[in-house]
Amino acid sequence: MPQVTMKDVFVECGSSLQCHNKQLKSLQKIYTAMDPEAFWLEFVHLLKYPMVVYAREPVVERTIEFVAKFVCSVSNASEVDSDDNSLLNKLVTFLLQSHSACNQGVRFRSCQLINKLLTNLGEDAHIDDDLYNEIFSGMLERARDKLPLVRAQAVYALARLQDPTDKDCPVIKAYLFLISCDPSPDVRRAVLSCIAPSTRTLTVILDRTRDVKDAVRKTAFQIIADKIHIKTLSIAQRIQLLTDGLNDRSEIVAKTCANQLLQSWLKSFAGNVLELLKCLDVESSVEICEKALTTMFKGTAVGDLVANFTILDDKMLIDGEKLTEESAMYWCSLCRYIHSMGDCVEQLLEMVLPNCLDFCDYIHKYLERCGQCTDLYEQLEHEFVIQQLLTMTSFMDLTDQAGRKVFQKLLDDMLLNENVSHRLIKHIILRLLDLHSDHEPLVTHLAEIIADIREPMTSVEKRPGEDERRQNDLKMAGIRVQLNQLREDLDECIQQQAFVKAAELKEKISELEMEKAEISQAQLTHVEEVRIERTDPETWLKCLNIVSELLENASIKGMSPVIQTIKDSLILPGIQNADPDVRNAAVKALGLCCLLNKETALQYLVLLLQASQVDTEGVRATALHILFDLLHFYGLEVLQVEPPAPTADGDTSTRGRDTTGLEMSTDDTWDATSQTPDGEEQEPELSTAIKLLTILSSSLDLESSDLRSVAAEGLAKLLLSGRIQSAKLISRLILLWYNPMTEEDTRLRHCLGVFFPVFAMADRINQEMLKEAFMPTMRTLLNAPSSSPLANVDVNNVALLFVQLTSRQMLKQNKKTTRGLIQDHTIHDNLALQVCNEILSHPDSFGVKVLVKTLNILDISLEDVSSLKDLASLSAQMLEAVKEKVCVKGLLKFQSKISEVLDKLSLSENTESGLGKSSKENPCDETTNPEGFEANENTDPSRLSLLTINKDATGTNDEGETTANTKTGNIVKTPAPRSTKKGRSRASAKTPCAVSTLSDLENSVFLSPTPIRKSSMKTKTASTVCSDALDDSKLRLDSTSRRQSNRRVLFDVDNTSLQNPN
C-alpha cells in the first residue's frame, strides 16, 4: 500500500467533512514521523494554495477548517504556551505576518484561520499577553480593511479576546464602533454574533433591531432571544422590541421575533402568559400586547387554548380576586381570536364567553366594587378592566330581546354613574351604537342622558323662612283661640242638650285640629327632589365626550334640532370654560358639528382660527386639526371662494383635479396682497383664503413639535388632494423634513416621508410643482449660514431626491397615469434648463458642483430636439464660464452625452428617411448614479429608490420612517433624511465638522491616526509574503520563562448571556 503524503491529505480533506477524522490521524502520523522544521516548511507551502483564494469555495473552506482542527489537535488546548505548541506558534506567527498582504484572499484567509484556531482551542484555553497584543493589533488593523468580508472575519477573530468585565476593554470599544458605524451589514451581523451582552453593550444590541438590513435585524432578535434575559430589559425596551419586531416590514424578521423572542420570554416564565403580560405593562401598550397574544395563539390549536384557560368558573366568569388587567386582556384577546375564526369554532367560543345576563350582572358588581376605590392608580386599573369587559360584549349574541334590554340598561347606568369617568365613554358609546341600527333615535336618548348628567335629581332639605314661620305662628295662635272658644260652646250645648249644634261645633273643632297639624308640619324640615346643575370639569368632560363620540361614530345626516340644542347649551359654553381639557373637548365637538353642516363651519371658522392661535398647546393642536379637516372636506368653498380662471396657455395640469383648488404662484405663495396678471387686485374671497392659509402655514415655524406635525400633515393633505397648489410650500416642507432640528420629531418625518413619493406619483402637475420648488430649495440650502441647522444638510441627497421625485418612473408606477402623459413627460428637460441658467448666473458659486452632478443624472427626453440643442448650447456656455476642474469634468460628461444623442438623432434621420417613426425604449429612462451620489448596496444604480436617497450607511434607522413601496405595493421603511451626525457612513458626504468628529472617534478606538484599508506591502506578491513570513521576527509561546499572570483566558462567546439580575 503506497504511503500517504501530506499533499494527499490536503487533497482529500477538501473533498468532504466526513473524511476529516481519518485525515487527521494520517497527518498526525506524518507530523510524528517527520522533523518539525521540515514538516512546517511543507505544511506552510501547501497552505499557501488555499490562502490565495478569496472566493468562498467549498473545497477551500473545508481545507481551512481541516488545518485549524489539525493544528489544535496536536497542541494542548488548555496550555497554549506549552513546549508542544511550536506548530501553533509558527502558524499564528505566519498568519500575523501575512494578514496585511496586498492580495485580498490572503488577508481574508489569514483572519479566517486565526478565528478558527482561537475557536478550536477550547473553553478553558489561555493565551500569552504578548500573543494577545499581537493578535489584537493585527486583527484590529484588518477590522478597518476595505473589504467587508475581511473586516467580518477580523471581527470573528477578535471575539475570544474580549473581556466584558473590563470597562476599558479595547475589543469591545472596537465592536461598539463597528456595530454603529460600519457600512457593511455583514460586519454588523458579525459584531452582533460576537459581542458579549452586558449592561455596556445592551443598548447597541437593541439598536440593531432597527437596522436598515433585514438580516441584521433578524440576527439582533436572535441574539436577544438567546442571550438576554427579559428581566434585564426595562418595560419600555420590551415594548419597543415587540413593536419593532412584530410590525417589521420583513416577514422573516417578524417570524423571528414571534417564534424565537416571544417563545424565549414565555419560556422564562414557564409558559405562564399572564406572568409575561405583567412584564409588558398592558395598560399603556394595549395594541402591541394584543398583537403579541394573537401571534402566540396562532401557534396553538384553538382547543388547547380553551383547555389551558383554567381560571374560569362554571358560569364562564373569572373570580373577582383573579380579575386583573392581565387576565382581562388575555380573556378578551382569546375571545376575539376565537370569534375571528368564524362559526366553525362557535362551540369553543361558548366555553370562554359567558351568558349576556350573567355578564351584565358581573360588570355591575365589579362597578360597585370600583366605586369604593379612592386610589387613582387603582382606578385606572379598574377602568382598563372595564374596557376589556365591554369589548368582550361585541363578541356576544345579542339577538335575545331580554339580553339586549339588560345590556342597554347597564350602559345607561354606566353613563349616569358618577364613578365612571370620561375615559370609558368611548367604549360605552360604541356598544350603544352596536345595539341600535338606527342612530337618529339614539341621539335623542343620549341628549336626555346628558341632561340627567348635567342636572341630576338631588334630594334637598327645605325649611320655612322667618316670614313664613311668623305667619304660621300667628295662624296657630288664631286657631288656638278659636279652638278654645268652640270647646266652651260645645260644653254649653251639651249641658243644654242641643245635640245638633254640638255636632256642628265638634266638626269645626276637627277641621281646626287638622289645620293646626298642617301648620305644625309646615314648620318642620322636609326633603325635596330638585335638579341642580353640575359645573365640575369631570362632568363637562363626560358630557362633551359623549357628544364627540356620538358625532364621530354615528351615522348622522345634518344638524338636527337636538344637535343644535346640544351645541348651544353645552358645546359653546364649554369653549368658554376655564379648564383647558374642557375647552379642548368642546373645540373637538364643535369641529365635528361643523363637518355636519357647511353653514355651521363658516359661522365658527373665525372662532376655531382664534383657538388655534391663542389657547394652550393641546387646544391649538385640536383646532388646527379641525381647520385642516374643514378645508379638506369642503375645500375653499367653505370661504365662498370661486376657483381661479384658467390660464391663457391652456395648461392641462388641472386634469382630473378638484376645481375648488387654490393655485399659488411660486414667488408669491400665501401673499394676500399679490395682484392678478392684469394688475387688478385679487377677489376678496381669494384674499381671505390666502390669509387663512398664511396663518395655518405659519405653524410650521413654531417651536412645538406637535403643532409643527399637525400643520405639516394638514398642508400635505391639502396638496395631495389638490385643494391648494404651491411650489413654495413644497420647498418649505422639504426643508422641514431635512432640517436636523426635526430629527427627533418621528411623527413629522414619518408623515412627510410617506407624502413625497405618493404626491409625486399622483399626477404630472405635482411633478411640475416639485420642479418649481427645486431651485428655491437648493438656493436656501446653499446660501444657509454656518450657524443655521440647514448648513448640515447633505445637498447632494436633496438634489437626488428631487431628481427621483420628478422622474417619469414615478408616473409609470401609477397605473392610473395614461401612457401619452408619460411619453410627453419633459419635467427633467425643463429642470435641466433651470439648472443650466442657474450655473450661468453664478459660475463661481460653490454650489455649482452639486448642480453639475444633478445635470448628469437627469432623464433628458430624446424626442425634443430643440430642447437638446438648447442644452448643447448652454453646456458650451457653461464650459466657458466655469473654471473649477471638477465641475468642468462633469460638464464635459454632460456635453458629451447631449452631443452623442444629437448625433444619433441626426444619423437616424438620414438612415431612416421615408420610414415611419418606431417606438423605442428611452435609454435614459433609468436614472444613473454619477460619482458623488451613493447608491444602495447590491442595488443597480440605475434603479435608485427612495430608500437609497435617504440611506443611512451605518445601517441604523433610529429615525426610520414608513413609506409605501410604489412598485410592489408593500410598506417599506425609509430612513429619515440624513444630516451630518456621528455614526454615518464614511463614504457619504459630510461637513468638515462631522468628518472630523467621526475620524477622532475612529482613531481613538483603533489607536491609529489613519485607517489602514489596504496593505503597505505593494511590491510583494502573496506568495512572496508567505515565503518571507518565517524570516521575520517570530512569536514564541514558550511558557517556561513566563508566569501565570502574563497569560489571558480566552473568552467563550457561545456560552455567555445577560441573565436576570435577580
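A crossing of two helices is called left-handed if the near helix is turned anticlockwise from the far one by less than a right angle, and right-handed if clockwise. By this convention, the crossing of α31 and α32 is left-handed. The structure is a predicted model, in which local features need pLDDT of at least 70, side-chain atom pairs count only at pLDDT 80 or more, and totals for chains, interfaces and linings use all residues. Residues are numbered from 1 along each chain as its sequence is written, and side-chain values use heavy atoms, with hydrogens and water left out.

Helix α31 (residues 605-614) packs on helix α32 (residues 617-634) at an angle of about 140°, their axes lying 7 Å apart.

Turning to helix α16 (residues 286-298), its 13 residues should span 18 Å at 1.5 Å a residue, which agrees with the 19 Å between its end C-alpha atoms; the expected span is 1.5 Å times one less than the number of residues. Its buried residues (under 20% relative accessible area, 1.4 Å probe, protein chains only) are Ile288, Cys289, Glu290, Ala292, Leu293, Met296 and Phe297. These pack against several helices, among them α13 (235-246), α14 (251-268) and α21 (376-392).

Serine 75 sits in the loop between α4 (58-73) and α5 (86-98). With 10% relative accessibility, serine 75 counts as buried. Its C-alpha is 8.3 Å from that of serine 86, 11 residues away in sequence.

Notes: Axes are lines fitted to C-alpha atoms, for helices over the stretch in contact, and angles run from 0 to 180 degrees between N-to-C directions. Helices (H or I, at least four residues) and strands (E, at least two) are DSSP runs, numbered from the N terminus. Buried means under 20% relative accessible area, exposed over 50%, partly exposed in between (1.4 Å probe, protein chains only). Contact means heavy atoms within 4.5 Å.
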